[in-house]
There are 2 protein chains.
Amino acid sequence: MRKKLLSACIVAALGGGFAAAALAQVKPETLVKQRQAAMTLQGKYFGPLVGMLKGNIPYDAAIVTRNAGFLDDLSQMPWDGFTDATKGVKTATLPAVWAEPAKFKQAQDQLRTAVVALNAAAKGGNEGAVKAAIGDVGKACGACHDNFREK
Amino acid sequence: MRKKLLSACIVAALGGGFAAAALAQVKPETLVKQRQAAMTLQGKYFGPLVGMLKGNIPYDAAIVTRNAGFLDDLSQMPWDGFTDATKGVKTATLPAVWAEPAKFKQAQDQLRTAVVALNAAAKGGNEGAVKAAIGDVGKACGACHDNFREK
């Protein structure tokens with residue numbers, strides 16, 4: 001019974017948290033789907049924060065804290081999906097991802113740093129500091145997209 | 001400058017963490033894309049745990065802890081995407097999602113409970129307890145898919 005139910009739950013996706021050897025067994029299309037899913041969800045949970053920064057939607061500290069926490073996890077998820085094996089899959093990713101790995105890693109680290117700071121600011125509870133931190137996350141998103149993603 | 005970079009980062013996705021009024025402004029197709037993204041990533045991070053339970057890949061406590069933590073967030077993310085407005089979008093979702101909302105909510109809660117227990121087991125560090133908890137998460141996935149998702 002457990003086996004049957006588990007089987008219903010097993011997805012082709014055996015990606016995350018794996019050594020390169022294990023990742024190599026995941027289809028490139030699956031890796032792309034997974035990394036795009038992480039981007040989609042970063043958008044879902046960062047979008048409202050941008051709305052608050054711009055004053056388009058009311059500032060809500062509870063949503064900021066919740067979404068910042070989600071982003072803390074989500075901002076770790078896309079990167080192992082950019083393997084060499086995915087080079088041939090048609091996406092908006094620019095070849096610079098593979099041509100300039102150190103620069104790409106730096107861009108990831110910039111986002112992580114900004115998201116960690118956003119979480120700290122959210123805990124601090126100062127709206128001005130939170131909004132500055134939201135701005136810094138936005139800059140990290142934009143900087144990476146500018147260099148590694150088609151316009 | 002901040003504005004320019006932020007704009008590069010703003011996605012159409014203004015979903016998560018919103019009241020129904022705000023959610024109503026998000027396109028149904030976007031809500032579907034976001035909830036499917038959450039399912040995709042649950043698959044990415046739960047798949048390896050199933051592999052460990054089945055003995056297909058070596059047990060790795062660090063990966064269990066990391067993935068269980070991710071699942072703690074991810075298992076909260078799909079549900080606000082199942083709005084009435086998305087009924088018309090072609091997906092594998094069964095009409096039971098909207099016809100039996102209490103039962104659907106119960107299925108979500110079962111997953112949440114199982115994922116919280118998995119995190120507790122991962123912290124406890126007993127491999128047998130962790131594997132039992134992985135099995136329970138799998139049952140929760142399977143039970144929900146059986147009732148609310150096309151075969």
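How many residues apart are Asp136(B) and Lys139(B) in helix α7 of chain B? They are three residues apart, about one turn of the helix. The views below start from there.

**About the model.** This is a predicted model, in which local features need pLDDT of at least 70 and side-chain atom pairs count only at pLDDT 80 or more, while totals for chains, interfaces and linings use all residues. Residues are numbered from 1 along each chain as its sequence is written, chains are lettered from A and ligands numbered from 1 in the order in which they are written, and side-chain values use heavy atoms, leaving out hydrogens and water.

**View 1. Asp136(B) and Lys139(B) form a salt bridge.** The N to O distance here is 3.8 Å; a salt bridge is a side-chain nitrogen of Lys or Arg within 4 Å of a carboxyl oxygen of Asp or Glu. Helices (H or I, at least four residues) and strands (E, at least two) are DSSP runs, numbered from the N terminus. Asp136(B) is partly exposed, at 38% relative accessible area, and Lys139(B) is partly exposed too, at 28%. For these words, buried means under 20% relative accessible area, exposed over 50%, and partly exposed in between (1.4 Å probe, protein chains only).

**View 2. Lys131(B) pairs with Glu127(B) in a salt bridge.** Their side chains meet at 3.0 Å, N to O. Both residues belong to helix α7 (residues 127-148) of chain B, and because they are four residues apart, about one helical turn separates them. Lys131(B) has a relative accessible area of 23%, which makes this residue partly exposed. Glu127(B) is partly exposed as well, at 36%.

**View 3. Lys151(B) meets Asp146(B) in a salt bridge.** The N to O distance is 3.9 Å. What sets the two partners apart is their exposure: Lys151(B) is exposed, at 83% relative accessibility, whereas Asp146(B) is partly exposed, at 29%. In general, side chains of opposite charge can pair when their charged atoms come close. Over all chains, the whole structure holds 13 salt bridges.

**View 4. Cys144(B) takes part in no disulfide.** For Cys144(B), the nearest cysteine sulfur belongs to Cys141(B), 8.5 Å away. Cys144(B) is buried, with 9% relative accessibility. In chain A, Cys141(A) is also buried, with a relative accessible area of 15%.

Technical notes:
A disulfide is a pair of cysteine sulfur atoms within 2.5 Å.
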